[in-house]
Amino acid sequence: MADFKMFCYQCSQTSQGKGCINYGVCGKSPTLSRLQDNLIFGLKGISAYLYHASELGYRNSKLEKFLVETLYSTLTNVNFDTEKFIKLALDIGKINIETMKLLKKAHIETYGEPESVEVFTGTRKGKGIIVTGHSLKVLEEILKQSKDKGINVYTHSELLPAHGYPGIRKYDNLIGNLGKAWYDQKKLFSEIPACIVGSSNCVLIPKDEYKDRIFTTGIVGLPEVKHITGYDFSEVIEKAKTLPDLPEKNGDTILTTGFSLSSILSSKEKIKELIENGKIRRVFVIGGCDSPTNKNEYFRKLVEILPKDTIVITLACGKFRFNDLALGDIEGVPRLIDIGQCNDAIVGIDIISSLAELFNVKDINDLPVSYFLMWMEQKAVAILWSLLYLGIKGIRIGPIIPAWINEEILKYLVSEFNLKLVEEPEKDLKEILK
Ligand code: SF4
Ligand code: SF4
């Protein structure tokens, strides 16, 4: 693939019956093809958020119509205009903001607004179920159906922020969070003798060690793995009862999550004063999808070397690179603020908009805020286009450049949005603080 300018084999005209790799037989250019692929990744992200909102009964016909029209435009040879695709990408960013708003509304109206909480990361003696993915609905059903049955429930990865919601935290059998970002699951699930339920991405094909005790539900599917329908988890509960007890064991750390928009805004005057007095020099928004590469240690190193007069707002599973660091606070304002799942980027957007209002800045880029987006998959694509749609410039992405970005697309993103690729933490930080 490395030398391909593009890859498309969606129609029967395809070059040599195998695939168009230099230029489409139909006239599709490599850049257009890559933009189409990118838009499809972005639409997948929006679909994921719409799916979780619909699980809680929240739907929006305008957003669904946009999905249909954009899929038509990107999956078929109906539009050969590259500029229109750039505009469409920004439209995807806009629609993704509305979608994240819908999902946040669904979460808050169903489970209450999150509150910051400390989350235990060990195990309690007894039977257990681990829930992975992003679905609060699946987690709540499991908690409800397993309470008073001697089953302890743990979250994994992107369900850590669920602990902040009052409607989830009220269950006494919710014990804590195990593991870190999605890719530790094969090792973690092999070692811990609990049942596992995969509620959405990023679930992995299981190892034999736990294939008979992992279940999927809803949109998720794994080969040879039992699938649960209709939110009836009685089979999972019965299976968990037959498994060995988990040991009584403390975790290595305690994690804090669940910062909501209103809790942050309740300190807005204090934050304004601290920024004006130079006690908060800069805010770093560092979030996104983590991936299993040593290169992502960039983000831990970056957070470790941040001066003490900076604060970090984080979200999505990339936070596990550094959310065990004790950063302390600046006159009561925590230096590490976990606002939630990737879809909670909307909370970050609302915080930035409120800061812009508070400081009365016309250009959002005049705020002392820097943005880092960890790269991995389709939700990050949708969020990147949302930030670009809002006119945010100078976002740093990386450490691996997404493969759909060719030189032409990169040139455009750099010239229009001053997009940067992360380099070395010390170098990037020096440039930001100069
Ligand atoms: S749609 Fe165009 S680029 Fe894709 S396979 Fe057909 S001819 Fe090739
Ligand atoms: S934040 Fe991204 S990489 Fe992480 S679990 Fe969610 S979808 Fe997967």
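Two strands pair if DSSP finds at least two bridges between them. Strands (E, at least two residues) and helices (H or I, at least four) are DSSP runs, numbered from the N terminus.

I note that this is a predicted model, where local features need pLDDT of at least 70, side-chain atom pairs count only at pLDDT 80 or more, and totals for chains, interfaces and linings use all residues. Residues are numbered from 1 along each chain as its sequence is written, and chains are lettered from A and ligands numbered from 1 in the order in which they are written.

**Entry: open sheet.** I started with Gly-287, which stands opposite Leu-373 in β14. Strands β9 (residues 282–288) and β14 (residues 369–374) run parallel and are joined by six bridges. I then traced the open sheet of six strands, paired in parallel, and read its order as β13-β10-β9-β14-β15-β16. β13 (336–340) and β16 (420–421) are at the edges with a single partner strand each, so each has one side without a neighbour in the sheet.

**Entry: β5.** I looked up both neighbours of this strand. Strand β2 (residues 127–132) pairs with β5 in the parallel sense over four bridges, and Ile-130 has Ile-196 as its bridge partner in β5. Strand β6 (residues 214–217) runs parallel to β5 and is joined to it by three bridges; there, Phe-215 is the bridge partner of Val-197. In β5 (residues 195–198), Cys-195 and Val-197 point one way, Ile-196 and Gly-198 the other way, and all are buried (20 or more other C-beta atoms within 10 Å of the residue's own, C-beta atoms being placed from the backbone).

**Entry: cores.** I took a nonpolar core as a set of buried Ala, Val, Leu, Ile, Met, Phe, Trp, Tyr and Cys residues joined through C-beta atoms within 7 Å. The largest has 77 residues, and those with the most contacts inside it include Ile-92, Phe-299 and Phe-372. Helix α3 (residues 82–111) gives the most to this core, 10 residues. Apart from it lies another core of 36 residues, including Tyr-111, Leu-139, Leu-178 and Phe-215.

**Entry: ligands.** I counted a residue as near a ligand if its C-beta atom, placed from the backbone, lies within 6 Å of it. The shell of ligand 1 includes Cys-8, Cys-11, Cys-20, Cys-26, Lys-28 and Asn-77. Around ligand 2 there are 14 residues, of which Cys-202, Cys-289, Ala-316, Cys-317 and Cys-342 come nearest. Domain 2 (117–242) and domain 3 (258–433) each supply at least three residues to the shell around ligand 2, the bounds coming from an automatic or database domain assignment.

Conventions
Buried ≥ 20, exposed ≤ 12 C-beta atoms within 10 Å, placed from the backbone.
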